[in-house]
Amino acid sequence: MPSTSAAPRRITALAGGIGGARFVRGLIAAAPGAEVTVIGNTGDDIWIHGLRVCPDLDTVMYTLGGGISEERGWGREDETFTVKDELAAYGVEPAWFGLGDRDIGTHLVRTQMLNAGYPLSAVTQALCARWQPGVRLLPMTDERAETHVVVNVRDGDGRRAIHFQEWWVRYQARLEAHAIVLVGADDAKPGPGVVEAIEGADVVVLPPSNPVVSIGTILQVPGIRESLLRTPAPVVGVSPIVGGRPVRGMADACLTAIGVQTTAAAVAAHYGSRSSGSGILDGWLVDTSDRDAVAAVEALGIACESRPLLMSDLLSTTAMATAALALAEHNAVP
Ligand code: GDP
Ligand code: CA
């Protein structure tokens, strides 16, 4: 019997792009020797100029594999945008999506493999053979399920749904979102190994990824939320909201769209407590500046601690991951 104080051997994290990827870097450093599985969000995926693009999977793969542009947080380092400029010169839309030349290599390989009949999970594994991210990267689903945002049509009062990428990249989330919908969710199944990775883990971690369009999307794949409710592993999360604001990006616009306040405590309440039977969290880390929220989160039945939660460098990120693992250990069912 492993003792409760043994270092976790199998860690499973649910991740979006930059917040998830950077946190997992700390997780790997905090738990040397552990087998880390990352369940990646594919709700941001999009067809662009005939190419299948999976922004969050690629951010995780490039970040952990050493190919990410640290400055932008997405796409490749030493990137050029010649193809994008050429397409724009032809007047071909969409011109707002940032496709880098190096990055296009990845999308070409992915698209060819998908067209040859390989599922996204197999394609991702093949791409990772080059990048060696040091984790098992599993798409949340092999089916096509893409996030759309319901906005007002510019002239008139009708509403229409646009792809998440158009809302996020083109409009910088400035168009009011009336609803955020994962189109195709009903027909999606968890990807191969996803449920097993959650139910067979020693610890499940929710990095500080976007609670709506990253973690929230993964939870919408039928069967994934259920496996989080079922797993014997403790489930702990890290707040992406610090001092009432997202650290990066426009998660506040996403939370507003689903009627959740942009605070660390409100996000915890939105995820809910596993002890209540319907939520997904046993533990939650908030930033030291949000220490006043700890009591409110604990009152929900979620163990809560405050820690510095800014991933400024690997050291601070590793400390965050260490704190998350310790919180999980203290809240594991003996
Ligand atoms: P995306 O898919 O690239 O948008 O990335 P994620 O969904 O994985 O992560 C985005 C979230 O990461 C945002 O809501 C940010 O608030 C959060 N985030 C980014 N950097 C930090 C950080 O240093 N600390 C914390 N606590 N959250 C962060
Ligand atoms: Ca994303």
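Predicted model: local features only at pLDDT ≥ 70, side-chain atom pairs only at ≥ 80, totals over all residues.
Residues are numbered from 1 along each chain as its sequence is written, while chains are lettered from A and ligands numbered from 1 in the order in which they are written. Local features need pLDDT of at least 70, side-chain atom pairs count only at pLDDT 80 or more, and totals for chains, interfaces and linings use all residues, with side-chain values resting on heavy atoms and hydrogens and water left out.

Let us begin with the overall layout. The protein is divided into domain 1 (10-43 + 187-330), domain 2 (45-139) and domain 3 (146-183), with bounds that come from an automatic or database domain assignment. The centres of domain 1 and domain 3, taken over C-alpha atoms, are separated by 26 Å. Where these two meet, domain 1 supplies 12 residues and domain 3 supplies 11 residues to the contact (heavy atoms within 4.5 Å). About 950 Å² is buried between domain 1 and domain 3, and carbon and sulfur atoms give 72% of that area; buried area is the accessible area (1.4 Å probe) that two parts lose on being put together, summed over both. On the side of domain 1 that touches domain 3, helix α10 (residues 251-257) gives the largest share, four residues. Helices here are DSSP runs of H or I with at least four residues, and strands are runs of E with at least two, numbered from the N terminus. Between domain 1 and domain 3 there are zero salt bridges (a side-chain nitrogen of Lys or Arg within 4 Å of a carboxyl oxygen of Asp or Glu).

Next comes the metal. The calcium ion (ligand 2) is coordinated by D44 (OD), D56 (OD) and D56 (OD), at 2.1 to 2.6 Å. D44 sits in the loop between β2 (35-40) and β3 (46-48) and D56 in helix α2 (residues 55-65), so this pair ties together parts that are 12 residues apart in sequence. Donors are N, O and S atoms within 2.8 Å of the metal (3.2 Å for Na, K and Ca), and water is not among the atoms, so sites may look incomplete. D44 counts as buried at 7% relative accessibility, and D56 counts as buried at 8%; buried means under 20% relative accessible area, exposed over 50%, and partly exposed in between (1.4 Å probe, protein chains only).

R110 pairs with D58, the closest N and O atoms being 2.5 Å apart. R110 lies in helix α4 (residues 101-115) and D58 in helix α2, so the pair ties together parts that are 52 residues apart in sequence. Both R110 and D58 are buried.

The structure holds 10 salt bridges. Another one of them joins the side chains of R52 and E146 (2.7 Å, N to O), linking strand β4 (residues 51-53) to strand β6 (residues 146-152), 94 residues apart. R52 and E146 are both buried, and together with R144 they are linked in a network of salt bridges.

Finally, look at two serines. S239, in the loop between β10 (235-238) and β11 (241-242), is buried, with a relative accessible area of 2%. A polar atom of its side chain lies 2.8 Å from the backbone oxygen of I241. S69 is found in the loop between α2 and α3 (82-89) and is buried too, at 8%. A polar atom of the S69 side chain lies 3.1 Å from the backbone nitrogen of R72.

Conventions
Polar contact = N/O pair within 3.5 Å; in protein donor to acceptor, adjacent residues only side chain to side chain.
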